[in-house]
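Here is a walk through one model, with the sequence and coordinates to hand. Have a look at it before reading on.

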Amino acid sequence: MADSHHNPNASHSARSFEVRILRQDGPGQPSYWERHRVEYEPEMNVISVLQRIAAKAITADGKHVAPVAWDCNCLEEVCGACTMVINGQVRQSCSALVDRLLEDRPGEIELAPMAKFPVVRDLVVDRARLFRALTKVKAWVPVDGYYDVGPGPRVSPATQEQSYPLSECMSCGCCLDACPQYLKVEVERLEGESAADFEARANNEFDRSFVGAHAISQAMLFNSHPTGATSAGPRLDALMAEGGIQVCGNAQNCVAVCPKNIPLTTSIGRAGRATTIHQLKKWFGA
Amino acid sequence: MKSAVGDAPASSFLARNEFLIRRLHSLSGLIPVGAYMVIHLLTNASVLQGSVMFQKLVYQIHGLPMLVAIEWLFIFIPILFHAIIGVLIIRGSLPNSGTYKYGSNYRYTLQRATGMIAFVFIMVHVFHMHGWFHFDSWLIAARKIGGAQFWPYNAASTAARALSSLPYQIFYVVGVLSCVFHLANGIWTFGITWGIWVTPQAQRWATTACLVFGLALSAVGLGALGGFAYTVDVETAYERENEMYDERVKIGDILPDEHKRYHPPAAKASETAQAPTYLNFEP
Ligand code: HEM
Ligand code: SF4
Ligand code: SF4
Ligand code: FES
């Protein structure tokens, strides 16, 4: 379709490339690989590749199939919705450029859903556990109330400097998918179970499993905020509960894959220190 | 924020105390297990200064009161605790250094692999040299299958004999290097776990320090193994050790204890009816 647009500067001459996709028809269904062929156009990203595939809905073998499902939203790497495993590495598909991918691995791109979250369909996953972890560590500043409590305390420039990078987290889950200590938890809805019961049961499972680097970092972000610090104790309690910071094994993949370059392992170290002191205080008072 | 589900199964003891158990696991790796390992390797490396020097240090250790209690309380039980919890931790992880090829991720995988090797090595090593338990019937059985080959009052000569075969030498080199890597990398992760090195600069500095420590301890450990395997002349060391023993008994420094002395099988000729073979001793 795009021969006339062919970029003569492109380092590769192939006019089409293959896309291998790990598909799954629904939760709990078996997954299977499917090959698609996509005509090369200059400056494609993985989202535009998926758009071409959905428009055609014909595999490389000429079989008509249901269009591949995927998620996206902002298209500028700030929402995290489009996160998937591309050529074996977890990242955002909107900022994954086809020219770069084909340079690294000529002629082929491999797409799979995130490995640590339950698949909803094809490349769409359910990241409820990621958000549940933010609830568990109370990743907010508690200011809700019925009357005006006046202006909050000032945040020192030093704290601002430390906090700003942490506040850039977009809850994409890359840090979790790459973490060897973060194992997939998939809770299936039972026959006749109400949505509320199912959610409560799933949350109970999530709360026992590793919270993950993003939540540890958010806990540190809000603990260093002067107003957020009023809940510092409960946040540390949450980090020391089952599935808390102690599950981290210091592989440091989280910090290596975070697209926002958030200093996650610094947050983990700070949380390690804070929980040590918190435990001693709980034992010896003061 | 508690879940609304009433019939959720209660968490196990291990799960409810996960934080404390993991911190205790981390601490036990360093103190007493890691600290013991450093002292152990340094003591063993003293064989490079001669079998007499090594024997002197072994007498010091065996001069400690209630040695069996010390062994179990400060060495065996902490190692078993650390090892058993370690295996549970390994079971709950999904190493992925094949996909995410970062230095720290390789070290994460190696920490688990060396932990498993260390487990096997320590079990076999303690059986091979020490025998695990001290009662006679057990020791006789253990010695029949190649265990309990170290006699404290003939320290260098019996250790050297135990390490004289190439398969054992290879096994010990792999085991010692695994333990050393595991401790050096463990100190690094310990520092993050407890929040001692927090910033990336501090962690880089700690990486270098742990690397230097690991290389130095590797040299000590390999020195000890090489020392036993290649510098000790078993016959002369054995004679010297027996002279030291006689001297120490004479001046009242130690009580006579034939359990801790090696008696070559040749002494079998004078075997008495009741005494087990290893108790035979010709003054
Ligand atoms: C020579 C004996 C050993 C020494 C000196 C030792 C030392 C250490 C140290 C200092 C740590 C660091 C703790 C931390 O990260 O906070 C550690 C971690 C670890 N050890 Fe050992 N250890 C030994 C044997 C074993 C054995 C036999 C196993 C199990 C098979 C084992 C499994 C582990 C595991 C899985 C970790 C990682 C824990 C984590 O990162 O959460 N270790 N060890
Ligand atoms: S910390 Fe980074 S990798 Fe993790 S969810 Fe936030 S932005 Fe994504
Ligand atoms: S440092 Fe901890 S949270 Fe980050 S990837 Fe490693 S185990 Fe996971
Ligand atoms: S679509 Fe928002 S990050 Fe990719």
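How many nonpolar, polar and charged residues are in the shell around ligand 2?

## Ligand 2

The shell has nine nonpolar residues, three polar ones and one charged one. Keep in mind that this is a predicted model. Ligand 2 is surrounded by 13 residues, and the closest are C169(A), C172(A), G173(A), C175(A) and C258(A).

## Ligand 3

Ligand 3 has its own set of residues from chain A. Among them is the run C248(A), G249(A), N250(A), A251(A), Q252(A), N253(A) and C254(A). C179(A), Q181(A), F210(A), A213(A) and I268(A) are also around ligand 3. By class, this shell splits into seven nonpolar and five polar residues, with no charged ones.

## The nonpolar cores

F210(A) turns up again in the largest nonpolar core, a set of 81 residues. Together with I216(A), L239(A) and I268(A), F210(A) is one of the residues with the most contacts inside this core. The biggest contributor, though, is a helix of chain B: α8, residues 166–193, which gives eight residues. From chain A, the core takes at least three residues from each of domain 1 (2–121) and domain 2 (127–284).

A second core is separate and has 20 residues. I21(A), I86(A), A96(A) and I109(A) are included in that one.

## Ligand 1, between the chains

What about ligand 1? It is surrounded by residues from chains A and B, so this site is shared between chains. There are 27 residues around ligand 1, and the ones that come nearest are S26(B), H82(B), G115(B), H182(B) and T189(B). The shell divides into twelve nonpolar, 13 polar and two charged residues.

From a side-chain N or O atom of H82(B) to a nitrogen atom of ligand 1 is 2.8 Å. T189(B) has a polar side-chain atom 2.5 Å from an oxygen atom of the ligand, while for T193(B) the distance from a side-chain N or O atom to a ligand oxygen is 3.2 Å. Helices α2 (18–45), α4 (67–91), α5 (103–130) and α8 of chain B are the elements that each supply two or more residues to this shell. Of these, α2(B) gives the most, with eight residues.

## A buried asparagine in chain B

Where does N154(B) lie? This residue is in the loop between α6 (136–144) and α7 (155–162) of chain B. N154(B) has a relative accessible area of 0%, so it counts as buried.

The side chains of N154(B) and N242(B) are joined by a polar contact of 3.0 Å. Not counting residues up to four places away in sequence, N154(B) also touches Q55(B), Y238(B), E241(B), K260(B), R261(B) and Y262(B).

## Chain A as a whole

Chain A contains ten helices and seven strands, and its C-alpha trace spans about 70 × 50 × 40 Å along the principal axes. Of the 286 residues in the chain, 51% are buried. Among chain A contacts with a separation of 6 or more, 65% are between residues 24 or more positions apart.

Definitions and conventions:
Residues numbered from 1 in each chain as written. Chains lettered and ligands numbered in written order. Predicted model: local features only at pLDDT ≥ 70, side-chain atom pairs only at ≥ 80, totals over all residues. Heavy atoms only, no water. Core = buried A, V, L, I, M, F, W, Y, C linked by side-chain atoms within 4.5 Å. Buried < 20%, exposed > 50% of the residue type's maximum accessible area, 1.4 Å probe, protein only. Helix = DSSP H or I, 4+ residues; strand = E, 2+ residues; numbered from the N terminus. Domains from an automatic or database assignment. Near = heavy atom within 4 Å. Nonpolar A, V, L, I, M, F, W, Y, C, P; charged D, E, K, R; others polar. Polar contact = N/O pair within 3.5 Å; in protein donor to acceptor, adjacent residues only side chain to side chain. Contact = heavy atoms within 4.5 Å.
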